[in-house]
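Please look through the sequence and the model shown here before reading on.

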Amino acid sequence: MTDDRTYEEKLAEFEARIERGEKIEPGDWMPDEYRRQLIRMISQHAHSEVVGMLPEGAWIPHAPSLRRKMILIAKVQDEGGHGQYLYHAAESLGVDREELIEALLAGKAKYSNVFNYPTLTWADIGMIGWLVDGAAIKNQTMLAHSSYGPYSRAMVRICAEETFHYKQGKEMITLYAKGTPEQRQMAQDALNRWWWPALMMFGPPDSQSIHTETLMRWKIKIKTNDQLRQEFINEIVPEFLALGLEIPDPDLHYDEETGNWVIGEIDWDEFWRVIRGNGPMNRDRLAARREAHEKGKWVREALEAYAQRQAQAA
Ligand code: BYC
């Protein structure tokens, strides 16, 4: 059946559907820019999950007990699974997964700033679970209401698993903050190093954000970067303070009038440097992904050969 509607008519119907709270599904008409924005965002998100396995994965051989090792292995596996859901969600928009991965390996695709920092001590594992996954959950709970069906459904499932990650991280840091002076120092040091990169995860300030306006118009994002960052700060600051940990920000203060914890200036030069490939661990992260991709080549070839055999037999 031919569709005789003009572009303007299709756009108006598309926007009316979003306004009514309907989900847009893969076969539905959508503006090219909506598709392009989703591919950009979902693929960056998928890459973040897969690259995000590396800083924590490095500590699997050094976990201090069998219980901690099992939890960490499960968490890192979950992140790989999240990458899979998200590559699938991106593929539902007509893009090829191989192409997306090639862009990552070539250093052309972005992934979350936060995974370009090293994990120096075991407490970093707890801090990533609590602080980094906490920030991710804040953002992803919002994205679970996204207008694109496959992305919003992937977020619901991912958030459920992330909640387990968050709890194990919080349990660990709570234990260390109340533990020996060495453990307490380790927890504080981890907070000092992960605080600012975690706040940067929400993206640049609204005044410098390029995509927020378009994403919010089509309800891909429901809140701005600064709104989510502030909500997260308000939730997490009292929790760290209650444990006697110090937030590494001399300007942090509570504003009675707005009910907000107000932070000092974020070093946005550092953020842009890191996301453009010049953070402390960018080169190592991409080298590790390239090596893993190369080592997995025989598996992809075997799967391809198997699929061809099945097709011939059918
Ligand atoms: N890192 O216009 P803006 C996890 C880029 S993983 C890097 O504000 P937008 C976990 C942005 O892409 C969870 N780049 O963008 C896994 C844009 O560049 P391009 C990861 C960033 O889209 C393993 C430019 O800056 N979560 O939880 O409106 C272990 C301008 O930004 C970042 C997601 O991926 C950043 N932080 O808003 C443990 C969530 N921020 O594309 C845990 C999905 C911005 O023009 N993504 N940029 O070259 C989003 O929600 C949004 O894309 C963002 C940015 C809030 C990140």
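Valine 76, leaving aside its neighbours within four places in sequence, is in contact (heavy atoms within 4.5 Å) with Met53, Glu56, Gly57 and Ile60. This is a predicted model, in which local features need pLDDT of at least 70 and side-chain atom pairs count only at pLDDT 80 or more, while totals for chains, interfaces and linings use all residues. Residues are numbered from 1 along each chain as its sequence is written, and side-chain values use heavy atoms, with hydrogens and water left out.

**Single residues**

Valine 76 has its place in helix H4, where helices (H or I, at least four residues) and strands (E, at least two) are DSSP runs numbered from the N terminus. Its relative accessibility is 8%, so valine 76 counts as buried; buried means under 20% relative accessible area, exposed over 50%, and partly exposed in between, with a 1.4 Å probe and protein chains only. The C-alpha atoms of valine 76 and glycine 264 are separated by 33 Å, and these two residues are 188 residues apart along the chain.

Serine 152 belongs to helix H7, which covers residues 149–177, and it counts as buried because its relative accessibility is 4%. Not counting residues up to four places away in sequence, serine 152 touches Lys23, Leu143, Ala144 and Ser146.

Asparagine 260 is placed in strand S2, residues 260–262, and with 22% relative accessibility it counts as partly exposed. Its contacts, leaving aside neighbours within four places in sequence, are with Gln230, Asn234, His253, Tyr254 and Asp255. For asparagine 260 and asparagine 234, which are 26 residues apart along the chain, the C-alpha atoms are separated by 6.0 Å.

Glutamine 227 lies in helix H10 and counts as partly exposed, at 39% relative accessibility. From C-alpha to C-alpha, glutamine 227 and valine 299 are 44 Å apart in space, and they are 72 residues apart in sequence.

Lysine 219 is found in the loop between helix H9 (212–217) and H10, and at 29% relative accessibility it counts as partly exposed. Most residues other than glycine have a negative phi. Lysine 219, although it is not a glycine, has a positive phi of about 50 degrees.

**Packed helices**

Two packed helices are described by the angle between their axes and the distance between the axes. Here axes are lines fitted to C-alpha atoms, for helices over the stretch in contact, and angles run from 0 to 180 degrees between N-to-C directions.

| Helix pair | Angle between axes | Distance between axes |
|---|---|---|
| H4 and H7 | about 160 degrees | 10 Å |
| H7 and H8 | about 130 degrees | 7 Å |
| H8 and H10 | roughly 160 degrees | within 11 Å |

Angles under 35 degrees count as roughly parallel, over 145 as roughly antiparallel, 65 to 115 as roughly perpendicular and the rest as oblique.

By class, the contact of H7 with H8 has four nonpolar, one polar and one charged residues, where Ala, Val, Leu, Ile, Met, Phe, Trp, Tyr, Cys and Pro count as nonpolar, Asp, Glu, Lys and Arg as charged, and the others, Gly among them, as polar.

H4 and H7 are roughly antiparallel to each other, and their crossing is left-handed; a crossing is left-handed if the near helix is turned anticlockwise from the far one by less than a right angle, and right-handed if clockwise. The residues of the contact of H4 with H7 divide into 13 nonpolar, three polar and nine charged.

H8 and H10 are also roughly antiparallel to each other, and H8 passes H10 in a right-handed crossing. This contact is made by Leu191, Trp195, Leu199 and Met200 of H8 together with Arg229, Phe232, Ile233, Ile236, Val237 and Phe240 of H10. Its residues divide into nine nonpolar, no polar and one charged.

**The nonpolar core**

A nonpolar core is a set of buried Ala, Val, Leu, Ile, Met, Phe, Trp, Tyr and Cys residues joined through side-chain atoms within 4.5 Å. The largest such core has 83 residues, and those with the most contacts inside it are Tyr34, Leu131, Trp195 and Phe240. Helix H6, residues 123–143, supplies the largest share of this core, ten residues. Leaving aside neighbours within four places in sequence, phenylalanine 240 is in contact with Met127, Trp130, Leu131, Leu191, Trp195, Leu245 and Ile247.
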